Amino acid sequence: QVQLVESGGGSVQPGGSLRLSCAASGVTSDYYAIGWFRQAPGKEREGVSCIRNRDGNTVYADSVTGRFTVFRDNAKNTVYLQMNNLKPEDTARYYCAVDERRLWSFRRCTAGDYDYWGQGTQVTVSS
């Protein structure tokens, strides 16, 4: 029943900004977590940021702390990933994901803990 719709990917120069959106539907739990993950060619999928919907507690990967911000609009059931000061190493396909079952999924921010996934959107940072 859970569906995720992503938007906002694209190409940008180093130092630029992008905002990704993930709209969720069909979520019935008050305690779900939503995460942003990325995967570059030849690399494993890694957690970028995960947020606990109930109270907004958020974790970030060290590589994006201070540059990326996650925020939510509960009225629209949408979570955003604001990416500033983008670097070439941020180039990857970005996915949003939702987990309703695990209490630790927000804290771990590990892809294997998430059950529902969006289609992914490509982010390319280059000159």
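The conversation below goes from the overall fold to single residues.

Trainee: Before we start, what kind of model is this?
Mentor: It is a predicted model, so please read every value as computed from predicted atoms.

Trainee: How many helices and strands does the chain have, and in what order do they run?
Mentor: There are one helix and 11 strands. Starting at the N terminus, the order is β-β-β-β-β-β-β-β-β-α-β-β.

Trainee: What share of the residues is buried?
Mentor: Buried residues are 44% of the 127 in the chain. The accessible surface is about 6,700 Å², and carbon and sulfur atoms hold 44% of that surface.

Trainee: Why is Phe 106 called buried?
Mentor: The cut-off for buried is under 20% relative accessible area. Phe 106 has 6% relative accessibility, so Phe 106 counts as buried. This residue lies in helix H1, which covers residues 105–108. Beyond its sequence neighbours up to four places away, Phe 106 touches Ala 33, Cys 50, Ile 51, Arg 52, Asn 57, Thr 58, Val 59 and Tyr 114.

Trainee: And why is Gln 3 called exposed?
Mentor: Exposed asks for over 50%. Gln 3 has a relative accessible area of 54%, so the label exposed applies.

Trainee: What makes a group of residues a nonpolar core here?
Mentor: The members are buried nonpolar residues joined through side-chain atoms within 4.5 Å. The largest such core has 27 residues, and those with the most contacts inside it are Trp 36, Phe 68, Leu 81, Met 83 and Tyr 94. Elements giving two or more residues to this core include E3, E4 (33–39), E8 (78–83) and E9 (92–99). A second, separate core has eight residues, among them Ala 33, Cys 50, Phe 106 and Ala 111.

Trainee: How do you know that Cys 22 and Cys 96 form a disulfide?
Mentor: The cut-off is sulfur atoms within 2.5 Å. Those of Cys 22 and Cys 96 are 2.1 Å apart, and the pair forms a disulfide. Cys 22 lies in E3 and Cys 96 in E9, so the link ties together parts 74 residues apart in sequence. Both cysteines are buried.

Trainee: Which other cysteines does a disulfide join?
Mentor: Cys 50 is joined to Cys 109, with an S to S distance of 2.1 Å. Cys 50 lies in strand E5 and Cys 109 in the loop between H1 and E10, so this pair ties together parts 59 residues apart in sequence. A search of the whole structure finds two disulfides, and counting bonded cysteines along the chain, their pattern is 1-3, 2-4.

Trainee: Why is the disulfide of Cys 50 and Cys 109 called right-handed?
Mentor: The torsion about the S-S bond is about 80 degrees, so this disulfide is right-handed.

Trainee: Why is Cys 109 called buried, while Asn 85 is called partly exposed?
Mentor: Cys 109 has 11% relative accessibility, so Cys 109 counts as buried. Asn 85 is at 42%, so partly exposed is the label. Asn 85 lies in the loop between E8 and E9, and has a positive phi of about 50 degrees although it is not a glycine. Cys 109 likewise has a positive phi of about 50 degrees without being a glycine.

Note on methods. Residues are numbered from 1 along each chain as its sequence is written. This is a predicted model: local features need pLDDT of at least 70, side-chain atom pairs count only at pLDDT 80 or more; totals for chains, interfaces and linings use all residues. Side-chain values use heavy atoms; hydrogens and water are left out. Buried means under 20% relative accessible area, exposed over 50%, partly exposed in between (1.4 Å probe, protein chains only). Helices (H or I, at least four residues) and strands (E, at least two) are DSSP runs, numbered from the N terminus. Accessible areas come from the Shrake-Rupley method with a 1.4 Å probe; for residues, only the protein chains shown count as cover. Contact means heavy atoms within 4.5 Å.
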